[in-house]
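Here's a quick briefing on a protein model, put together for someone who likes to know the cut-offs behind the words. Have a look at the structure below, then read on.

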Amino acid sequence: MSLYQHARDGNVERLRDGLSSESPAVRKRAAEFLGELGDTEDQPTVDGLLRVATTDEDPEVRGAAVDALDEIGQEALERLLKELTGGGGGSEAEWVTARKFARALQADRPELRMAAARALGRLENGNGLEPLVGALSDDDPRVRLRACEACGTFADPRAIPALTERLDDEPRVRRAAANALGNIGTDQALSPLLDLLDDGDEPLRRIAAGALGKANNPEPVEPLARALGDESAVVRNAAVYSIIELLSNVPTQQSHAVRDRVVSELKAADDETVVEPLAEILSEGQQRRQRRNAAWILGRVAEPDSTLAVEALADALADDDPQTAQFAATSLKSLGGPVVEDRLLDRIGTEHPEAARAKAVFVLGQVGGQETLNRLEGLTDDESAAVRKRVFSAVSKLRAGGP
């Protein structure tokens, strides 16, 4: 039976057996699974990982064991540090513990330095930041990787220069540094990520594209728009999400110019690339401003026969946020066409919310034809006053030949 099957079955005993395998790859994978399944009360698992972290002949296996102990919890990680240094843990003040871990960053054994970086990231004590920034230039890339990740938990701008230098490191360290800069999220931290949108490493491009939406200036708009042509679907998707987030973040005085620029760039991109994530944001987004922006942009960049866009907009007529619902109605009016008319006729029945029905009738009065007129004439005695009001207005316009 494979390690994966043992992990799926929660069989930690068999996974612990894997720590003694002759294959470094098996030992490493067993440690990773034990980190996911173990807990601080599972003493045999913690002991097994401590043994591997301190004695295994393979550095990648030792590193995996350190990370597994970190995943199990701070107590397990501190046990490792105590075994290696003879100190740490107990009931001492957090700043004292942080200072001990910081000293461990100077240890000869790289696994100890890795564990110290992990532990300092968990403590998030301000005394640990400066030593972690120093560890970003450690000789061992495994230590630099964990130091980048720990700096990401601090999200402190003081780490920006050292993290930026790590963007020229080996792939895993570069990704960790980019993630950390994205977590910091200031314009100064995000600026170095702009150049990564053209990098040959796909995960790095995705990280950059996903982080740039936090910017408070329009500089990332054009690079993100170029990323809509990326060969990777995940990069393209991240770019669209960031463009929407960017619209929500830029200062009000710049928002109009940024909106115009965004629409121009998105219209030049492949329709499917743009519409799918926009529709997903509108349908599933948790932030009102992002849903509003998605509804607004869809009416300006989607094709009138885009079923995906029209469905999302029609559903948004019932959004809990009145402004999102209104933007959806305005966008449907802008798109017009048979697809819009057909989808809105499906939403004027009494099984739909009153406000959504009224908005659907309003839009139908702007874009509908003879079929719409016939259907609306049957709603002149609707039980909803709001719907009847919209019906009378829409019927008058349609009988007159249009708005």
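Helices here are DSSP runs of H or I with at least four residues, strands are E runs of at least two, and both are numbered from the N terminus. With that in hand, Glu 83 turns up in helix H6, residues 74-85. The model is predicted, so local features need pLDDT of at least 70 and side-chain atom pairs count only at pLDDT 80 or more, while totals for chains, interfaces and linings use all residues. Residues are numbered from 1 along each chain as its sequence is written, and side-chain values use heavy atoms, with hydrogens and water left out.

**The largest pocket**

- A pocket is defined on a 1 Å grid over the protein atoms alone, as an open set of points where a 1.4 Å probe fits, with protein on both sides within 12 Å along at least five of seven lines; lining residues have an atom within 4 Å of a point.
- The largest pocket holds about 310 Å³ of space, where volume means the space filled by probe spheres set on grid points joined across faces, edges and corners.
- It is lined by 21 residues, and the closest to its centre are Asp 67, Arg 118, Leu 145, Arg 146 and Arg 172.
- Helices H3 (24-37), H5 (59-72), H10 (141-154) and H12 (171-184) each contribute at least two residues to the lining of the largest pocket.
- Sorted by class, that lining has 11 charged, 6 nonpolar and 4 polar residues; Asp, Glu, Lys and Arg count as charged, Ala, Val, Leu, Ile, Met, Phe, Trp, Tyr, Cys and Pro as nonpolar, and the others, Gly among them, as polar.

**Helix H5 and Glu 71**

- Glu 71 sits in helix H5, and at 48% relative accessibility Glu 71 counts as partly exposed.
- For the cut-offs: buried is under 20% relative accessible area, exposed is over 50%, and partly exposed is in between, using a 1.4 Å probe and protein chains only.
- Setting aside residues up to four places away in sequence, Glu 71 touches Gly 35, Glu 36 and Arg 122, where contact means heavy atoms within 4.5 Å.
- Glu 71 and Gln 366 are 295 residues apart in sequence, with 58 Å between their C-alpha atoms.

- Asp 230 lies in the loop between helix H15 (221-227) and helix H16 (233-249), and is buried at a relative accessible area of 11%.
- The side chain of Asp 230 makes a polar contact of 2.7 Å with the side chain of Arg 205. That term means a pair of N or O atoms within 3.5 Å; within protein, one must be able to donate a hydrogen and the other to accept it, and residues adjacent in sequence count only if both atoms are side-chain atoms.
- Not counting residues up to four places away in sequence, Asp 230 touches Leu 197, Arg 205, Val 235 and Arg 236.
- Leu 194 is in the loop between helix H13 (187-190) and helix H14 (202-211), and is buried at 13% relative accessibility.
- Beyond its neighbours within four places in sequence, Leu 194 is in contact with Leu 212, Glu 219, Pro 220 and Pro 223.

**Helix H22**

- H22 is mostly covered, with 6 of its 8 residues buried: Val 339, Val 340, Glu 341, Arg 343, Leu 344 and Leu 345.
- Those buried residues pack against helices H20 (307-316), H21 (322-335), H23 (354-367) and H24 (370-377).
- Arg 343 has a relative accessible area of 17%, and leaving aside neighbours within four places in sequence, Arg 343 is in contact with Thr 307, Val 310 and Glu 311.

- H4 (residues 43-55) has 13 residues and reaches 18 Å from first to last C-alpha, close to the expected 18 Å, which is 1.5 Å times one less than the number of residues.
- Buried residues in H4 include Val 46, Leu 49, Leu 50 and Val 52.
- Ala 155 has a positive phi of about 50° although it is not a glycine, and its place is in the loop between H10 and helix H11 (160-165).

- Glu 83 and Ala 394 are 311 residues apart along the chain, and their C-alpha atoms are separated by 78 Å.
- Asp 260, in helix H17 (residues 252-267), is 206 residues from Thr 54 in sequence and 58 Å away, C-alpha to C-alpha.
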